[in-house]
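Hi there,

Here is the structure I said I'd pass on. Have a look at it first, then read my notes below.

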Amino acid sequence: MSPALPDGDEAPADGALPASVVAGAQTRAFGVYLHVPFCTVRCGYCDFNTYTAVELGGGASQASYADTARREVALASSVLRTAGLPEREVSTVFVGGGTPTVLPVADLVGMLRAVDDAWGLADDAEVTTEANPDSVTPQSLAALAAGGFTRVSFGMQSAVPHVLRTLERTHDPSRIGDVVTWARDAGLDVSLDLIYGTPGESLEDWRTSLEAALATGVDHVSAYALVVEEGTRMAVQVRRGELTLPDADDQATKYELADDLLTEAGLGWYEVSNWARGARHACRHNLAYWRGDDWWGIGPGAHSHVGGVRWWNVKHPRAYASRLESGLSPAAGREVIDDEAAALERLMLHVRLAEGMPLAEMTADERGRVAALVADGLVDGRVLLTERRLLLTRRGRLLADLVVRTLAGFGA
């Protein structure tokens, strides 16, 4: 079960945006997220808006999905034009899911071409697709590169068979080296996504996964602590006592090991859960989220943010397709973000970045709370004094949510 959509105001049937979105648009980058809600198998820990063919039943066909998504691209182009927004090329495209590569390459390339036709892709546009290691071949990766993709992010999660079984992942961990080589041979940048803190995973298991990822020579690694969300199959297993979650100390130790090994291998952290071999290999699409740029999310359940307005689409693929076929916006609701909420979101997101949060962008109250964070070892005092920006220490990265709550005055 994927999480419920947020509460918000009713979205207009034609998707029209308020006049306020025009302000500042020329200074913000514009990206596109394309959601592919299909998986061959739904993993027990996953709470994303994804479906297997069996779950979908009639009326929501994988075969017709690319055409449906292209309809929303056309709608988006019309809405932005009508709102009077300046023409902006797309700087990043991210195709996520689900498992986008369960669709034929021609469908993925076709959706990308629709984006290019609607807005134009910047000459240096970053175009990423997520993929499972067992959902690609050398030929499919070469075809993606030929079709305009520049980057692939593989859901490796672990290199240890019993950990993958607990996560209900289906790929053979020995395949990781092959898919990275195939992608690089095709000219694609490569990222590997890892999960730590799976029930039953030892510290040595986690070390094995990190070393296996680094052995590929990959230039980008994302490492996320497992969060078991209510409504998932794994949450039921935990509640029944069939699985035992690790404690916070175990999670912290595994994060520190990841940071040690990745840093030693030449991958520096640029966001709390992301490491790259220099700025060129950082995920620009995700950086756009953290920096508050604009993006349009295409697909069922996808979220968008343009000029301080955020909205979200209906979740189910059948409802999504039905609305577009009727000439309606698939948006289920939206909210206009006021200045106070925007400032808090900027704080929450920007603090997580290695580029840090400039003190000049913080309120006087927020700046007044920084000294205590330095004293607690959560903020780098030297950087604060010499560069006038707030940079998390490694301990601060482990407690990033606490840092944000403290700065915002929550619980103070």
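**Rings, a histidine and a patch**

Phe38, Tyr65 and Tyr320 make up one aromatic cluster. Keep in mind as you read that this is a predicted model.

In total, the count of aromatic pairs comes to 9. One of them is Tyr33 with Phe94, a stacked pair at 6.4 Å centre to centre and with 20° between the planes. This pair ties together distant parts of the chain: Tyr33 sits in strand β1 (residues 30–36) and Phe94 in strand β2 (residues 90–97), 61 residues apart. Both Tyr33 and Phe94 are buried. Then there's Tyr289 with Trp295, which is edge-to-face, at 4.6 Å centre to centre and 65° between the planes. Trp295 counts as buried because its relative accessibility is 15%, under the 20% cut-off. Tyr289 comes out at 23%, so it is partly exposed.

Now try His285, which you'll find in helix α10 (residues 284–291).

Leu399 is in the loop between α16 (394–398) and α17 (400–408), and it is partly exposed, at 33% relative accessible area.

Cheers!

Notes:
Residues are numbered from 1 along each chain as its sequence is written. This is a predicted model: local features need pLDDT of at least 70, side-chain atom pairs count only at pLDDT 80 or more; totals for chains, interfaces and linings use all residues. Side-chain values use heavy atoms; hydrogens and water are left out. Helices (H or I, at least four residues) and strands (E, at least two) are DSSP runs, numbered from the N terminus. Buried means under 20% relative accessible area, exposed over 50%, partly exposed in between (1.4 Å probe, protein chains only). Rings of Phe, Tyr and Trp (its six-membered ring) pair if their centres lie within 6.5 Å; planes under 30 degrees apart count as stacked, over 60 as edge-to-face and the rest as tilted.
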